[in-house]
Amino acid sequence: MNAQNEFIRISTNDLDLVIRIAQSKRIYQAYLGPKLMNESDFKSLFVSLKGGSEGSVSARGWEVYPASGAEDFFEPAFAIQHNDGNMTSIFRYVSHESKTIDANIKETVIYLKDDVYPVDVKLVYKTFGKENIIKTWTEITHEEKKPVTISRYASSMLYFENTDYFLTEFSGDWAMEARMSTQPLHFGKKILETKLGSRAAMHVSPFFELGLGQPAQENQGNVVLGTLGWSGNFQFTFEVDNAGNLRVISGINPYASNYELNPKETFVTPEFIFTISTEGTGKASRNFHTWARNYQLKDGKGDRLTLLNNWEATYFDFDEAKLEDIMGEAKMLGVDMFLLDDGWFGNKYPRNSATQGLGDWQVNKEKLPHGIPFLVEKAKEKGVKFGIWIEPEMISPKSELIEKHPDWAIRLPNREPYYYRSQLVLDLSNPKVQDFVFGVVDNLMTENPDIAFLKWDCNSPITNIYSPYLKTKQNQLYIDHNRGVVNVFQRVKEKYPNLPMMLCAGGGGRCDYESLKYFTEFWCSDNTDPVERIYIQWGFSQFFPAKAMDAHVTSWNSRASIKFRVDVAMMCKMGFDIRTHEMKENEQKFCQQAVQDYKRLKPVILDGDQYRLVSPYETNHMAVMYANENKSKAVLFAYDIHPRMGEKMMTIKLQGLDPAKQYKVEEINVMPERKSNLRSHGQTFSGDFLMKVSLDVFTTGQMNSKVIEVTAQ
Ligand code: DGJ
């Protein structure tokens, strides 16, 4: 706090969030933006509108945690019904403390209480200095005699003042994830939310970008990037008020979720994580990427395994001989691992299609008579690691599990069920079901300690919304179920801290920064058409580092060359999901060389800084590059998607290089027996030239691509 004991300053290296404690002890957001030089200037922060009027009963302003029933006329962050039926709260400052966790991380906790009812709120802010990331969440508790019902419980509320606001959302559906679209915000509300419960991000992802004053741009302008660490129902409310200010409320979607909180129980909201950049989204995304690798992703600093998956290659139709063949193909390609997908389990109800068997995690004796240990052994003999697919949160209505435990599925006791992908969601609010789901992983790993990778799928939203376990507390289902899921994730990570795991939900239907604490990566989409993937990967890259984004080479879009497909997968964490015997010999050779080069360049692609150079949303091309920390190596990916006849070719200016260094430019991933037709291939340029003048990489070819290695001399 500063000299007048009036302000709480929450900072990163470049950002300040300044909270003012009014004489009334109510707290207000006084400032949020680029770091202020002088604390002495805080007293000049404009407070008449934002800060509430001193000492008066009416204290409208930018209250940090405004509750329903007070004098603010807009959407509240918090709402409650007390034991006496009263529905108001006003929170006042009690104290705050800041502790330094390490040289880069600080945590500030602000304690608030309602002076009429025994309800306490803790606002927590964790700042990551270098990465300019702020994480904030809220903890709510009370000491009323009986349980209270809370019906709003935002993680955070932030205010912005500008002439114009533009929201970029990431919406879509199966096979069309993270489509970016931008709209201006005017008076009133725009809400981004999901009610799907599980696979919750199928229609909209839990993140957004805000352009302040102009639509978010890549390399200039003020932007806010925010995301919620919650894989269940989330809600972002953007409300422009009467004064033209924007309020952003982030948290769990309170839909059908009035939560009964027992005395002394604490309700902890998910983390809202955000950054602000004055240099556009490129910088803001790099803030997220670096922070995720340093602090949030499971094994964020570790290596990632290249793999060959059998899903697209076989679907449910395989046996031991076929899988052995594919393992051989993995070895031939040079990837690290073979990943066995759906279809390996179920006996009474064999998993030969998506209609049955989920829940029966015993190996299917007909397809795989020698069990999983035999396959792990075979993989070892072939010289690759072995990974396996599970979908342990789900249950088929045709399964032995449901016959044994009819009360473990979320389904209505008194209505005809309806099914999404012929399955139901297990009731993870029930601790016994959590044990079962943990056991699916634990049993597999105990039997096969050499399993090197898990792909954890989740294909259905919650349907038939009724928890047999919660009985009369159905309004806690969405929250308690998701907490149960996270509890299992935590247990798996505790017991298997070094096991790489892929988060998947029928593609990219679950990718949030809470789940990614327990997963090393996520499956961006079942859509592996390289053209579509360019857009999908561009979308997810706004928030997630390449290291976390799985991209496989498949047979989708056979009009695209194998080179184009490989080049697109290579900008993320690369894998294959294809039979190599379907490829021509030179295509196989090409893939082998690409895998070798990828492994060599992984430190740059997966751990370097990403610069999105040319947007597929704005042009008929796309380019993205990665540069390592000491700027000695960069990799540039350039794609011609659907250029027009006679189009004026734009050139690319690189970013993130050292202007003083000399760099050799070499095209890699060239088909065998072909030569690079890149004019600059083999030539050396200064970093200054490459960043200010250009590199000539685009063409008018359809689905044409280039991968270029840039090496300091
Ligand atoms: C959906 C996933 O996204 C696919 O990759 C595959 O694992 C199937 N499920 C299997 O059922």
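**Close-up views of a predicted model**

In strand S2, Leu17 is the bridge partner of Ile10. The model is predicted, so local features need pLDDT of at least 70 and side-chain atom pairs count only at pLDDT 80 or more, while totals for chains, interfaces and linings use all residues. Residues are numbered from 1 along each chain as its sequence is written, and side-chain values use heavy atoms, with hydrogens and water left out.

**View 1. The open sheet S1-S2-S3.** Three strands, in the order S1-S2-S3, form an open sheet with antiparallel pairing. Strands here are DSSP runs of E with at least two residues, helices are runs of H or I with at least four, and both are numbered from the N terminus. S1 (7-11) and S3 (27-34) stand at the edges with a single partner strand each, so one side of each has no neighbour in the sheet. On average, neighbouring strands of this sheet are turned by 15 degrees against each other, direction ignored. S1 and S2 (residues 15-21) run antiparallel and are joined by 5 bridges; two strands pair if DSSP finds at least two bridges between them.

View 2. S29 (residues 549-553) is mostly covered, with 5 of its 5 residues buried. Buried means under 20% relative accessible area, exposed over 50%, and partly exposed in between, for a 1.4 Å probe and protein chains only. In a regular strand the side chains alternate between the two faces of the sheet. Met549, Ala551 and Val553 point one way from S29, Asp550 and His552 point the other way, and all are buried. Strand S28 (residues 521-523) runs parallel to S29 and is joined to S29 by 2 bridges. Phe522 stands opposite Met549 in S29.

**View 3. Ser541 in the loop between H8 and S29.** Ser541 lies in the loop that runs between H8 and S29. Its relative accessibility is 3%, so Ser541 counts as buried. Not counting residues up to four places away in sequence, Ser541 touches Ser285, His289, Met549, Gln610 and Arg612, where contact means heavy atoms within 4.5 Å. Ser541 and Trp137 are 404 residues apart in sequence, and their C-alpha atoms are 24 Å apart in space.

**View 4. Packing of helices H8 and H9.** H8 (residues 530-540) packs with H9 (residues 562-569) at an angle of about 15 degrees, and their axes are 9 Å apart. Axes are lines fitted to C-alpha atoms, for helices over the stretch in contact, and angles run from 0 to 180 degrees between N-to-C directions. H8 and H9 are therefore roughly parallel to each other; angles under 35 degrees count as roughly parallel, over 145 as roughly antiparallel, 65 to 115 as roughly perpendicular and the rest as oblique. The crossing of H8 past H9 is left-handed, a term used if the near helix is turned anticlockwise from the far one by less than a right angle, with clockwise giving right-handed. On the H8 side, Pro530, Val531, Arg533, Ile534 and Gln537 meet Phe564, Arg565 and Val568 of H9. The residues of this contact divide into 5 nonpolar, 1 polar and 2 charged, with Ala, Val, Leu, Ile, Met, Phe, Trp, Tyr, Cys and Pro counted as nonpolar, Asp, Glu, Lys and Arg as charged, and the others, Gly among them, as polar.

**View 5. Packing of helices H6 and H7.** The axes of H6 (residues 431-447) and H7 are 9 Å apart, and the two helices pack at an angle of about 35 degrees. H6 and H7 cross in a right-handed way. Gln434, Asp435, Val437, Phe438, Val441 and Asp442 in H6 meet residues of H7, namely Gly484, Asn487, Val488, Arg491, Val492 and Lys495. This contact of H6 with H7 divides into 5 nonpolar, 3 polar and 4 charged residues.

View 6. Tyr469 has its place in the loop between S26 (451-456) and H7 (477-495). Its relative accessible area is 39%, so Tyr469 is partly exposed. Leaving aside neighbours within four places in sequence, Tyr469 is in contact with Asp427, Ser429, Asn430 and Pro431. Asn464 is also found in the loop between S26 and H7. Asn464 is buried, at a relative accessible area of 2%, and has a positive phi of about 50 degrees although it is not a glycine.
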